[in-house]
Amino acid sequence: MKAPALVVDVGWVNGLAAIRSLGRAGIPVIAVDHRPSALGFRSRYAQGALSPDPQDEEAFVSFLAGLELDAPAPVFATHDEPLNAIARGADRLGDRFLYPFPPWEVLGTIQTKRGQLEAAERAGVATPRTW
């Protein structure tokens with residue numbers, strides 16, 4: 001059996017689409033969400049895992065750290081809030097997961113429009129004036 005992938009924040013169609021794409025490719029999926037009614041929990045391709053709300057980063061990261069996995073699993077967060085929590089908690093989560101996004105030191109900068117504009121300016125990329 002293939003190692004599973006985690007799809008996090010599966011309450012909406014983008015999470016469900018990720019679950020379906022992975023499932024149709026034969027990859028087992030663990031669907032993670034803090035809402036019992038999450039749409040992704042209804043997919044035949046996923047095993048649901050009810051998590052704490054990512055707003056409680058400590059509890060959310062602890063939950064992810066406690067998942068029983070046989071091998072490092074890719075983790076796909078479909079919204080910014082859990083993505084940011086996972087990125088900030090990556091040191092604690094370690095090599096239990098495969099991260100398809102940069103470390104928080106990079107991600108945190110590009111998660112704000114101001115950070116993106118400042119990076120573009122430093123790189124010499126023309127940007128519209130912003131107030």
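Two residues are in contact here when heavy atoms lie within 4.5 Å. Helices (H or I, at least four residues) and strands (E, at least two) are DSSP runs, numbered from the N terminus. This is a predicted model, in which local features need pLDDT of at least 70 and side-chain atom pairs pLDDT 80 or more, while totals for chains, interfaces and linings use all residues. Residues are numbered from 1 along each chain as its sequence is written, and side-chain values use heavy atoms, leaving out hydrogens and water.

Let's start with two helices. In α2, Glu57, Phe60, Val61 and Leu64 meet Pro82, Ala85, Ile86 and Arg88 of α3. By class, this contact has six nonpolar, no polar and two charged residues (Ala, Val, Leu, Ile, Met, Phe, Trp, Tyr, Cys and Pro count as nonpolar, Asp, Glu, Lys and Arg as charged, and the others, Gly among them, as polar).

Next, look at the loop between β3 (46–50) and α2 (57–65), where you will find serine 51. Serine 51 is buried, with a relative accessible area of 8% (buried means under 20%, exposed over 50%, partly exposed in between, with a 1.4 Å probe and protein chains only). Leaving aside residues up to four places away in sequence, serine 51 touches Val32, Asp33, His34, Phe60 and Phe63.

Finally, visit arginine 88 again: it lies over the face of tryptophan 104, 4.5 Å from the ring centre. For a charge to sit over a ring, NZ of Lys or CZ of Arg must be within 6 Å of the ring centre and within 35 degrees of the ring normal.
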